[in-house]
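Colleague: I am new to reading protein models. Could you take me through one, feature by feature?

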Amino acid sequence: MPVAAEVTTLDGDQVRIDVTVPEDEVRKQFDRTVKETSARMRIPGFRPGKVPAGVVIQRVGREGLFAQTIDRALNDWYREALAATGVDPIDSPELDMGDATEQGVAFAVTLKVPPTPVLGTYTGLEVMREADETPEGAVQEELDRIREQGARLEDKDGTAAVGDFVVADIDGTLDGEALPQAQSRDQLIELGTDRILPEFTTALDGTKAGDAVQFDVTYPEDAPEEIRGKTVAYSITVQKVQEKVLPEVDDALAETVGFASADEMRTEIEERLSAATAKMVEERYRRRVIDAAVAEATLEVPPVMVERRVEEILHDTSHQLPQGITLEQYLAMQGQTLDQAREGLRADAELSIRRELVVEAIANAEGITMSDEEIEARVRADAADAGRDAEELLDALRKANGWDNLREDLRVEKAVNLIVDTATPISPEEAEKRDAAAEQDEAPADAEAPAAKTPAAEKPAATKESAATKPAAKKPAEKKKPGAKKPAGKKKPPAGKPAAKKPAAKKAATSSAKGSGTAAAKKPAAAKKPAAKKKPDAE
């Protein structure tokens, strides 16, 4: 290993890493500096890049070349120290430069790391779970959607009403002159839809074939420039009125969407919606359980972590936009500025970090680990589910340096399963009664509750990696099963061992109901490089 690193835990969620770079590594980097300098030098009698090392040292000076070496290599050594220790800094490092000679380099960095939560009860939690019942009317809505696909238009003898279609000739003028973009013939207009201006529906409601109507439309400030804030006079002549006719739910309709009969179509819809409902209920329940454990923990999330997470979300969003669309343009289409988007993301970013840190702390408290054999077995199972070659997937995972990330994902998933498996589901009615009683009994204490506790609200919150909603659980009743571990205070990592795991590896596991192991194995991700926010400078 090029560098040796030792971690010492400090107060205030800080660690100090003492880094020692051996002589052979320093000389290797010094030789690299000499070679790179030689490639840039132009000295008569020597071809480019062929200036001997001795000449380079004589011209530049050994001291100057060594200073360049330190300046260039220091950040690499710092990164290697982070990788070796597993420390994940949340802010720029403070550098303390020690001895720096060609015989060896020593320096230390002081880093702020993620805080360790003080855990409360996290097993035996009572958490609300809805019944696995398909919402009333859902099957009929799906049948209606299929009927809409098979709808046809038929001429109507009476007058047009909302929901009908009008075939008409349209003429629009601006300041008495024909407006080219407001001219159309045999235009099909659906009354009442949000795809047309409400003035059109109002003017055409009650008309019949041969009728002509005139009306004005004053366009708002967000309209195209040529009509912004201006009034266009419209004259519309109705050619005919049509109504939409929906097919009956019968075998003929079923055949148009690939079923043998209407009964088979209805059964498939019922089964599909039932499975989707059960999955959704399970995901919501698991998220509520996680949030119930989070609500029991005491934790203050540093603002710098929140800001970094917000920027990660915005960065990911910008890379998912269609080519040619900037993040600012996308937000403008949503009626937001970049600053407004940042402000709107902060609460959800903090909640997602809170979840990750609490679940990781539970994994540590329970001593949860993942062996290489367990990881390989999971990858092979995922490969079989995805129809991929297991050896190919394992090889890709190792080449992408995703093995340790997957280990952490699966370790966190185990912790989530522990919390969920030991929880007790209760009905919405039971949860409401329990929470009402708890609020009445604890009303005076609520005013002095630690600010670090997660609000016990039943309001869904969106997160990164991805943006699934996660309803936060109401505060669970105090209940703990025998054998559950509950740390008395903050746990500090021992010197020489990783002070903090990288939160990036845990996002999926704490933000989805089933953890991130499967997803990570199906598509190995590139390993996250441990980089400092700011390059430490040699003094």
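Modeller: Helices (H or I, at least four residues) and strands (E, at least two) are DSSP runs, numbered from the N terminus. This is a predicted model: local features need pLDDT of at least 70, side-chain atom pairs count only at pLDDT 80 or more, and totals for chains, interfaces and linings use all residues. Residues are numbered from 1 along each chain as its sequence is written, and side-chain values use heavy atoms, with hydrogens and water left out.

Colleague: How many helices and strands does the protein have?

Modeller: There are 16 helices and 11 strands.

Colleague: What share of the residues is buried?

Modeller: Buried means under 20% relative accessible area, exposed over 50%, and partly exposed in between (1.4 Å probe, protein chains only). Of the 539 residues here, 40% are buried.

Colleague: How do I read contacts along the chain?

Modeller: Contact means heavy atoms within 4.5 Å. Take contacts between residues at least 6 apart in sequence: 73% of them join residues at least 24 apart.

Colleague: Is Leu-111 buried or exposed?

Modeller: Leu-111 is buried, at a relative accessible area of 0%. It sits in strand S4 (residues 104-112). Leave aside neighbours within four places in sequence, and the contacts of Leu-111 include Asp-13, Val-15, Tyr-78 and Leu-82. Asp-88 lies 23 residues from Leu-111 along the chain, and their C-alpha atoms are 8.7 Å apart.

Colleague: Now helix packing. At what angle do H1 and H3 pack?

Modeller: Axes are lines fitted to C-alpha atoms, for helices over the stretch in contact, and angles run from 0 to 180 degrees between N-to-C directions. Angles under 35 degrees count as roughly parallel, over 145 as roughly antiparallel, 65 to 115 as roughly perpendicular and the rest as oblique. Helix H1 (residues 23-40) and helix H3 (residues 62-85) pack at about 115°, with axes 9 Å apart. So H1 is roughly perpendicular to H3.

Colleague: Which residues make that contact?

Modeller: Among them are Phe-30 and Val-34 of H1, and Leu-65 and Trp-77 of H3. Next, sort by class: Ala, Val, Leu, Ile, Met, Phe, Trp, Tyr, Cys and Pro count as nonpolar, Asp, Glu, Lys and Arg as charged, and the others, Gly among them, as polar. The contact of H1 with H3 has seven nonpolar, five polar and eight charged residues.

Colleague: What about H1 and H2?

Modeller: The axes of H1 and helix H2 (residues 53-60) come within 10 Å and cross at roughly 85°. That makes H1 roughly perpendicular to H2. Phe-30, Val-34, Thr-37 and Ser-38 of H1 meet Ala-53, Val-56, Ile-57 and Val-60 of H2. By class, that gives six nonpolar, two polar and no charged residues.

Colleague: How are H11 and H12 arranged?

Modeller: Helix H11 (residues 372-386) and helix H12 (residues 390-399) cross at roughly 125°, and their axes come within 9 Å. They are therefore oblique to each other.

Colleague: Last one: where is Asp-175 found?

Modeller: Asp-175 is in the loop between strand S7 (165-174) and strand S8 (177-190). At 72% relative accessibility, Asp-175 is exposed. Its phi is near 55°, a positive value in a residue other than glycine. Asp-186 has a positive phi too, near 50°. Asp-186 lies in strand S8, and is exposed at 54% relative accessible area.
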